[in-house]
Amino acid sequence: DLLGRDGFVSQGTLAIACDRLPPDAPEGVTVENHYTFNAGVSNQVLKVTWRQAPNTSDVVTAYYVYRWTNATDSTKYALLPATNRIAGPIPHVANQTYASIIDNGPGSPKAPADYNKTYWYTVRAVDMGACTNNLSPNSSPAFGVLRDRVAPDAPTGDITILCCRPLGRSD
């Protein structure tokens, strides 16, 4: 009250403290050619690998992987988390250093149509917040390129060696 005396205790209510801080962006994203040859059929796709979060302060539960046509689109569409998403949620596996996916789904680069085209990939981590899951920023973009792995045909033709017999003179 006006004199500084305690009033009546109000009735309590339930409150939830929400974690709104996202986890750190995944690090160590790499893209490599994944080439297989089975029963006379060759298949080349891109494999995306990243270092999983160590789960020290934020408990990361999953990851999302994105494919881009250039390195800057990941920042342009950062506020639209479903744009260009190709995989996820990919569960975080405890005590595993790296996680990876093979990009062979719809719209993925295909050989030979996409030879020598550059594709960029980013990864985002998801934690388990009390009110909602928090999505990390995109990782640094990493690129991959499908390459033509077919060697040229073997050469054809003949090699002919002509040997000469020296003629000697005697005196």
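This is a predicted model: local features need pLDDT of at least 70, side-chain atom pairs count only at pLDDT 80 or more; totals for chains, interfaces and linings use all residues.

1. The partner of Cys18 is Cys131: the two form a disulfide, with their sulfur atoms 1.5 Å apart. A pair counts as a disulfide when the sulfur atoms lie within 2.5 Å, and by this rule there is one disulfide in the count. The bond links distant parts of the chain, 113 residues apart. Cys18 sits in the segment before E1, while Cys131 belongs to the loop between strand E6 (118-127) and strand E7 (134-135).

2. On the handedness of this bond: the S-S torsion of Cys18 and Cys131 is about -60°, so the disulfide is left-handed. Cys131 has 38% relative accessibility and therefore counts as partly exposed.

3. Now to the sheet. Three strands make up an open sheet, ordered E1-E2-E5, with antiparallel pairing. Strand E1 (27-38) and strand E5 (98-103) are at the edges; each has a single partner strand, so one side of each lacks a neighbour in the sheet. From one strand to the next, the twist averages 25°.

4. Which strand does E1 pair with over 10 bridges? The partner is strand E2 (residues 41-51), and the two pair in the antiparallel sense.

Note on methods:
Residues are numbered from 1 along each chain as its sequence is written. Side-chain values use heavy atoms; hydrogens and water are left out. Two strands pair if DSSP finds at least two bridges between them. Helices (H or I, at least four residues) and strands (E, at least two) are DSSP runs, numbered from the N terminus. Axes are lines fitted to C-alpha atoms, for helices over the stretch in contact, and angles run from 0 to 180 degrees between N-to-C directions. Buried means under 20% relative accessible area, exposed over 50%, partly exposed in between (1.4 Å probe, protein chains only).
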